[in-house]
Amino acid sequence: MASFSMEDFVGTGSLKKLLPKLLDDGWDDVPTLKIMNTEDMSAINMNQAQKDALEMRSYLHDRSLMQYADKLEASGKCLAELLNLGISDLSSQFAMKRGHIARFMDRTSQCEADPIPSSFSLPARKPTNPPSRNPSMFKNPSISTRPKLQAMSTRSNIAYDSTIEQSIADFKIKDGYIFKGVVASLPDEPRACGCIQQPPIVDDVAPYSSIENISVQKLTPEYKIGMERLVKTKTPPMRVSDLWRDKPSLLLCIRRPGCIMCRAEAHKLYSKKPIFDALGINLFAVLHEHIESEVRDFWPRYWGGVVLLDKNMDFFKALGGGSLLKDKFISGFLFNPRARANYKRAKAMGIEQNFKGEGEIKGGLFIVGKGKSGIAYQFIERNFGDWAPLAEVIEIGTKLQNQQLNRENSIASRDFE
């Protein structure tokens, strides 16, 4: 499986000696490095071999084939030349397995794209408005137009911004899409011909008061080049609202870090980090139990952002309306066709798995606005392995950015008057 470790991504080839320069110029994580364009490469004086290596490694990373990267780069061939090789050449020269050859030669597949099949289309459902007790971010769930993205760091230039803007445009809500509102979940399907009842889920967004005082512990930092794999000293507990004091935050509540479906969701979401950076949204993964070996396997391989421990499971209780949303393996997976389809989807991404830890407590996703503005979006994992629709998550982030820009413009106008 493709790792988000920069050292694993660049390997032992021509990009390795470029690491200090990449770090200095802010290209310090894998998702950001992969969106480099020709102008960005020229700006840091990359030679042709390094450009070819980055193109080839990005292609392999998208297809979970990084184990072949060093051998392929050492051949001296560019990506176009490698793609023109025959099956026998790829097998004999690079010991590539048959299934991996098919994935390598399929130029139309994009493993990082939203892989939800058409059979997972969401039914039309009336948008859920948050209860009046919660300071919601949105009074009207209609889709707004996007402003031009602002430069987000010293590395942001015209070429970089246009790349990000095009990436966000790729996730534009299409005409006819039914916006699920602030609370969203995928539908359930009849289990065992309707003999097994699915656990109920809440229809209202969790009140902000249920999450603002949650105590969490930081288990890992945000991954950067050369950073220690884990925080060696335990950090003291902190109030979670400090995380979104200055910027909106996305919190991915993970059922179990060794679960193949949880790993696939985390990997898919973190691969879009440049988009969330441009939208000004911090990314956090939330666990409800701390098994150090599991955290070590999870970060930064499947998730390169901060990992938090919610020891009291308060985020998971908030997703369930005050109590944990749980399901049994037999009823929730074996007799649930949607959960089994979710498993096959993750398995197709070449992800490893284990069965360590508690796996019945379901997770989900929160997007929380800056300060005390409230919960902007809440997704509930109704079926094991359900993922929040990326298009909708990014649309929510865009609306948050629009609101912030409007507030800043309003303040600037008053000051000018």
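Me: What percentage of the 417 residues of the protein count as buried?
Reply: Buried means under 20% relative accessible area, exposed over 50%, and partly exposed in between, with a 1.4 Å probe and protein chains only; by that criterion, 53% of the 417 residues are buried. This is a predicted model, in which local features need pLDDT of at least 70 and side-chain atom pairs count only at pLDDT 80 or more, while totals for chains, interfaces and linings use all residues. Residues are numbered from 1 along each chain as its sequence is written, and side-chain values use heavy atoms, with hydrogens and water left out.

Me: Which residues have the most contacts inside the largest nonpolar core?
Reply: A nonpolar core is a set of buried Ala, Val, Leu, Ile, Met, Phe, Trp, Tyr and Cys residues joined through side-chain atoms within 4.5 Å. Here the largest has 82 residues, and those with the most contacts inside it are L22, F104, L250, W303 and L365. Helix α11, residues 260-270, gives the most to this core, with seven residues; helices (H or I, at least four residues) and strands (E, at least two) are DSSP runs numbered from the N terminus. A second, separate core of 26 residues includes L243, V286, L308 and L319.

Me: What is W303 in contact with, leaving aside its neighbours within four places in sequence?
Reply: Contact means heavy atoms within 4.5 Å, and the partners of W303 beyond those neighbours are F4, L252, A266, L269, Y270, L283, F284, A285 and F298.

Me: At what angle do the axes of helix α8 and helix α9 cross?
Reply: Axes are lines fitted to C-alpha atoms, for helices over the stretch in contact, and angles run from 0 to 180 degrees between N-to-C directions. The axes of α8 (residues 87-94) and α9 (residues 98-105) come within 10 Å and cross at roughly 120°. That makes α8 oblique to α9, given that angles under 35 degrees count as roughly parallel, over 145 as roughly antiparallel, 65 to 115 as roughly perpendicular and the rest as oblique. In this pair, I87, L90 and S91 of α8 meet I101, F104 and M105 of α9.
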